[in-house]
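Trainee: I would like a close look at the aromatic rings in this model. Please take one part and walk me through it.

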Amino acid sequence: MKPKLMIFAGAALMALATTTAHADTLENLERERSVTIRTFFDASLTTDQRQAKLDSQRRRLVDLERMVMRDKSLRGKNTKTVRIAFKNYDVTFLGHASAEKGHTMVDHWLMQFGVSTDDLMSTRVGRR
């Protein structure tokens with residue numbers, strides 16, 4: 001019984017070792033963008049910590065955006081994810097779009113959804 005189990009475990013391990021991890025550029029960009037947006041609203045960070053973290057995330061986000069824009073495998077790809085990503089340039093390419101418009105990433109992201117900083121500052125926490 002044990003030799004069969006060892007053979008099966010070895011075969012399973014070899015099968016796992018031969019599979020390659022594949023993450024395309026758009027998936028990586030989406031993952032990094034979601035981490036950045038989570039940082040926008042992380043209440044456990046101080047203002048300085050948030051700004052430092054967003055500065056480093058912005059550099060990484062801009063690099064990933066360049067990779068997506070230069071990715072030739074995405075050309076002609078007519079999947080829903082690719083269509084939506086390129087249709088919504090201002091949201092997908094957050095680092096580039098905010099720099100082009102001269103806004104911070106937070107302000108730019110909020111503007112894309114119709115919320116301004118003044119709107120947020122005038123809100124109050126309450127219970128309904």
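Mentor: Start with Tyr89. In this predicted model, Tyr89 is partly exposed, with a relative accessible area of 27%.

Now look at its ring partner. Tyr89 and Phe93 form an aromatic pair, 5.1 Å centre to centre. The planes are 35° apart, and the pair is tilted. Why tilted? Stacked needs planes under 30 degrees apart and edge-to-face needs over 60, so whatever is left counts as tilted.

Phe93 itself is buried, at a relative accessible area of 1%. Phe93 also pairs with Phe86. Here the centres are 5.7 Å apart, the planes make an angle of 50°, and this pair is tilted as well. Phe86 is partly exposed, with a relative accessible area of 39%. Phe93 therefore is a buried ring that pairs with partly exposed Phe86 and with partly exposed Tyr89.

His96 sits in helix 6, which covers residues 94–101. Its relative accessibility is 19%, and His96 counts as buried because the limit is under 20%.

Finally, step back to the rings. The count of aromatic pairs comes to six. Elsewhere, ring pairs join Phe40, Phe41, Trp109 and Phe113 into a cluster.

Conventions
Residues are numbered from 1 along each chain as its sequence is written. This is a predicted model: local features need pLDDT of at least 70, side-chain atom pairs count only at pLDDT 80 or more; totals for chains, interfaces and linings use all residues. Side-chain values use heavy atoms; hydrogens and water are left out. Rings of Phe, Tyr and Trp (its six-membered ring) pair if their centres lie within 6.5 Å; planes under 30 degrees apart count as stacked, over 60 as edge-to-face and the rest as tilted. Buried means under 20% relative accessible area, exposed over 50%, partly exposed in between (1.4 Å probe, protein chains only). Helices (H or I, at least four residues) and strands (E, at least two) are DSSP runs, numbered from the N terminus.
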